[in-house]
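Biologist: I would like to go through this model with you, starting with its charged pairs. Please show it first.

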Amino acid sequence: MAGQSCLISNDWICGEYLRTRGQELTDATLQHVGITLASVAIGLLVAFPLALLARRWRAAAGPVLGLTTVLYTVPSLAMFSLLVPFFGLSVSVVVTGLVLYSLTILVRNILAGLASVPEEAREAARGMGYGPVRLLFGVELPLALPALMAGLRITTVSTISLTTVGAILHYGGLGNLVYDGMHSYFKAQVLTASVLCVALAVAADLLLLLVQRLLTPWTRAGKGAV
């Protein structure tokens, strides 16, 4: 029928869906961003001391890297199910699961970044009277930023993707719309939420890339000199 609503005809691309469900899309996107930010931030806070522990005591490196790798291999549905007895059917299950998944990437990249710091830079800093803490935060971490930021970018994009699985607990952000849309075969909702999720991942990666370039200007200068 001519002029039939795209919602009624259940089209994949439907402007009317965007107009009538704008608030729903906004709420889902904000929830998605909030869960991602919380998970990545907590992941960094946990991964940093673990990486320092693994670097300081070589005997701890194997267990730390092994445990974080094993956690990463656990399927997401199983991971969330195992956490439900501890946190109930709450957003804490999703955030905790995402934090555990982030550890293997973050710990390895922090270690790789610290290992890439030239020994000459450390020796020069010690010669200037830098103690262990000042050496770490004033010299080693800034020089380790390229590897650290690379790990942060990978972690953020993968977290945005895995957040959608939280829809099984109704805390999946845009994944909630995809999940509900698949059940009702609501084409416009499935496509729109999926595209927004991809756009969110791309935007986050580009933003972090920009931050990396701003924080590590010497890497661009080095390339330009070649």
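Biologist: Which residue forms a salt bridge with Arg21?

Modeller: First, the ground rules: this is a predicted model, where local features need pLDDT of at least 70, side-chain atom pairs count only at pLDDT 80 or more, and totals for chains, interfaces and linings use all residues. Residues are numbered from 1 along each chain as its sequence is written, and side-chain values use heavy atoms, with hydrogens and water left out. A salt bridge here is a side-chain nitrogen of Lys or Arg within 4 Å of a carboxyl oxygen of Asp or Glu. With closest N and O atoms 3.5 Å apart, the partner of Arg21 is Glu24.

Biologist: Is Glu24 buried or exposed, or partly exposed?

Modeller: Buried means under 20% relative accessible area, exposed over 50%, and partly exposed in between (1.4 Å probe, protein chains only). Arg21 has 30%, so Arg21 counts as partly exposed. Glu24 has a relative accessible area of 33%, so the class of Glu24 is partly exposed.

Biologist: How many salt bridges does the structure hold?

Modeller: Arg21 with Glu24 is one of them. Glu119 with Arg126 is another, with the closest N and O atoms 3.4 Å apart. The structure's total is 7.

Biologist: How many residues apart in the chain are Asp205 and Arg153?

Modeller: Asp205 forms a salt bridge with Arg153, the closest N and O atoms being 2.9 Å apart. The pair links distant parts of the chain: Asp205 sits in helix α9 (residues 187–215) and Arg153 in helix α7 (residues 132–163). Helices are DSSP runs (H or I, at least four residues), and strands likewise (E, at least two), numbered from the N terminus. The separation of Asp205 and Arg153 is 52 residues.

Biologist: Now the helix packing. Which helices do the buried residues of α9 pack against?

Modeller: α9 has 29 residues and reaches 42 Å from its first C-alpha to its last, close to the expected 42 Å. That expectation is 1.5 Å times one less than the number of residues. Buried residues of α9 include Cys197, Leu200, Ala204 and Leu208. The helices they pack against are α1 (15–20), α2 (22–56), α7 and α8.

Biologist: Which residues does Asn109 touch, beyond those up to four places away in sequence?

Modeller: Asn109 lies in helix α5 (residues 91–115). Its relative accessible area is 18%, so Asn109 is buried. Contact means heavy atoms within 4.5 Å. The residues touched are Ala147, Leu148, Ala150 and Gly151.

Biologist: How far apart are the end C-alpha atoms of residues 191–211?

Modeller: UniProt, in an unreviewed entry, lists residues 191–211 among those under "transmembrane region". UniProt positions are given in the numbering used here, feature names are shortened, and annotations may be inferred rather than shown by experiment. In the model, this span is 100% helix and 0% strand. The end C-alpha atoms of residues 191–211 are apart by 30 Å.
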